[in-house]
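Please read the points alongside the coordinates.

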Amino acid sequence: LKEQAVPIPGEFDFLREYLPDGLVPALYALAGVPEAGKTTLLNQLADALAKDGIPTFYFHTEEPKYRLLSRTVKKEGAQGIRELVNIAPAILKNRRIFEMTPEYTADKLAEIIQGIMLRLRKQGKDKLVFIIDSLHAMRLSKENERGDIREKAILKTEMLSHIARDLQIPVIFTSFMPRASYKETPTIGIFKESGDIEYLVDVAMCLWSEKEIETWDKEPPLTLSF
């Protein structure tokens, strides 16, 4: 699988300590308290990968497409999409954002990604990164919608795990962090609270801060834990 690994972008050098082989084909979970920066982190990672020539496909339910693009425009120092074309053309060339409308159910994602991969191979590209933001907001088809939240979380995680394994690509998804863990140093147990999905992920990550929200007088220093 190392041969299929996607290199870590230069601006994310800190990840190499934990992922020395790069983003190998596997299932990666990112948890964090609300507004910790999960979407911001993955949005910036997707941009950095795209600038390195790696196609990235970001399926999201948390924010509208224009808001993600506006973040990219601001970070790159552009005044708008037209200027972004000149400043960072690789982002617009190699990055795609999909809003998770009803037709994009978890059950159909494997087929969708397979179609994308076939098109990329015709262009001479054999690597991509697939991002889901977020797991719990992603829908299942009607026949699989039965069951409680935990059961559905496990089923959706299993489907993403199969995509990573069968198609041999890195798949990254975001997950909620239980309220009971907001003031504690996170452990793998936070994914158990999200639906026992810790048994299905290959890499578990969490964004958190040692300071309590009520005491923040400025932007808190966030930590990425593995």
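Two strands are taken to pair if DSSP finds at least two bridges between them. The model discussed here is predicted.

1. Pairing of β2 and β4. These two strands run in the parallel sense, joined over 5 bridges. Within this pairing, Y58 has I131 of β4 as its bridge partner.

2. Pairing of β4 and β5. Strand β4 (residues 129-133) also pairs in the parallel sense with β5 (residues 171-176), here over 3 bridges. The bridge partner of F130 in β5 is V171. Together with helix α6 (residues 149-167), β4 and β5 form a right-handed β-α-β unit.

3. Of the 5 residues in β4, 5 are buried. In a regular strand, side chains alternate between the two faces of the sheet. In β4, V129, I131 and D133 point one way, F130 and I132 point the other way, and all are buried.

4. Faces of α2. Which residues of helix α2 (residues 65-75) are buried? They are L68, T72 and V73. Viewed down the axis of α2, the buried residues lie within an arc of 140 degrees and therefore line one face of the helix. The exposed residues Y66 and K74 are carried on the face of α2 turned away from the buried side.

5. Surroundings of α2. After α2 comes G77, which has a positive phi, near 75 degrees.

Methods:
Residues are numbered from 1 along each chain as its sequence is written. This is a predicted model: local features need pLDDT of at least 70, side-chain atom pairs count only at pLDDT 80 or more; totals for chains, interfaces and linings use all residues. Side-chain values use heavy atoms; hydrogens and water are left out. Buried means under 20% relative accessible area, exposed over 50%, partly exposed in between (1.4 Å probe, protein chains only). Helices (H or I, at least four residues) and strands (E, at least two) are DSSP runs, numbered from the N terminus. The arc is that of the directions from the helix axis to the C-beta atoms. A crossover is right-handed if, with the strands pointing away from the viewer, the path from the first strand over the helix to the second runs clockwise.
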